[in-house]
Amino acid sequence: MKIVKRIVLTPEQKKAQRSRNVAIGTMLAVFVLTFYVATWFKFDPSAIYDLMRNQTK
Amino acid sequence: MAIADNTKKVDEDYVVSTAMPRDYFDLLKPRVMSLVVFTAIAGLLVAPGSIDPFIGIVAIVCIAIGAGASGALNMWYDADIDAVMSRTENRPIPSGRLTGHEALTFGLVLSFLSVFTIGILVNWLSAALLAFTIFFYAVVYTMWLKRSTPQNIVIGGAAGAFPPMIGWAAVTGTISPESIVLFAIIFIWTPPHFWALALFKAKDYGDVGVPMMPNVAGNRSTQNQILIYSIVLAPIAVAPYFMGFAGITYGVVSGLFTAAFLWFAFKCWKMPSQDVAMVPAKKLFAFSILYLFVLFGVLIVQAVLNIIFNIAI
């Protein structure tokens, strides 16, 4: 059986790792959202207004 | 001071970083980035034509991130000399908060992200200019010129001068004489700005072997060149008014501030070259920052008033 060595992080390392994870996650979400909204604005700005108009009908 | 190791060795195979997001943010050189953002906004707002506000914001963010990326690559390459100079010894790599490898990866990822994002969402001319800016700062200036010639900041200054041109290109998709003038203002402003700093930080640069002008040509020659560049800057600084893409307010303010800039440059030139306190050089350095801020600030205010209220000042 293969023995897997596990890394035990110190509290300081855990805190830093968690902060980095949150920052990376947030930045990726902003990046995706930016592309999503910018695609609307750039390629078909009227789509947003059409969508809003249809929803209010 | 030696470069500290920020990683905690867990065993022979693994190292775990203790770097915080703040350390990565510091890699972006936030103060330099704020000047880049400011001048890029000016270029974007002064440019003729219109851009969707959201796309405009995306363009500015991409320019800011691209500038930050080149700052990270600069810190990666210069970590050895940053550790020795008092002005830079607390940067993330020499202080041990980040490894050079982390900074290099971060800088490269942000470079590609910013260039491709502005290319896809704005236009490919601004992407090409941004890519060139990053390359120019990281490779031409940092890796080549900085340690090899006292003309380092003269040529390398081009990297800091591109942002308004990128902002302009984001709106118009072109490079025009007006955007070249905005480029030229920062390009010609850079030597007196940096050489004023180099005069009173000459020892720091000398200690690490960076050939700044005062160490190579001497203080007197540097003072002469500061004055010459300041004189050359004067007509370029007021050119936006005479070319018709800035109003009378810009003409008056730029004229007054350029006269003050020349006065500080003259005082710096008059300073004895062996002066210990270097007060005139420090004053010129401080004023040069205010000068650029005011010039581009007036351009922004004029453009905003014109766009929102249709008021020409």
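Predicted model: local features only at pLDDT ≥ 70, side-chain atom pairs only at ≥ 80, totals over all residues.
Between the two domains of chain B, 30 residues of domain 1 are in contact with 27 residues of domain 2. The domain assignment places domain 1 of chain B at 15–175 and domain 2 of chain B at 176–313. Taken over C-alpha atoms, the centres of these two domains of chain B are separated by 21 Å.

Which helices supply the side of domain 1 of chain B that touches domain 2 of chain B? Helix H2 (30–46) and helix H7 (152–172) of chain B each contribute at least two residues to that side. H7(B) provides the largest share, 12 residues. By class, this side of domain 1 of chain B comprises 19 nonpolar, 8 polar and 3 charged residues.

I turn now to helix H6 of chain B, residues 124–145. Where does H6(B) bend? The bend, of about 35°, is at B:Phe136. B:Phe136 is also one of the buried residues of this helix. Among the others are B:Leu129, B:Leu130, B:Thr133 and B:Ile134, together with B:Tyr137, B:Ala138 and B:Tyr141.

Finally, I come to the contact between the chains. Chain A gives 16 residues to this contact and chain B gives 15. On the side of chain A that touches chain B, the residues divide into 8 nonpolar, 4 polar and 4 charged.

Methods: Residues numbered from 1 in each chain as written. Chains lettered and ligands numbered in written order. Domains from an automatic or database assignment. Contact = placed C-beta atoms within 7 Å. Helix = DSSP H or I, 4+ residues; strand = E, 2+ residues; numbered from the N terminus. Nonpolar A, V, L, I, M, F, W, Y, C, P; charged D, E, K, R; others polar. Bend = angle between axes of the 7 residues up to and from the residue. Buried ≥ 20, exposed ≤ 12 C-beta atoms within 10 Å, placed from the backbone.
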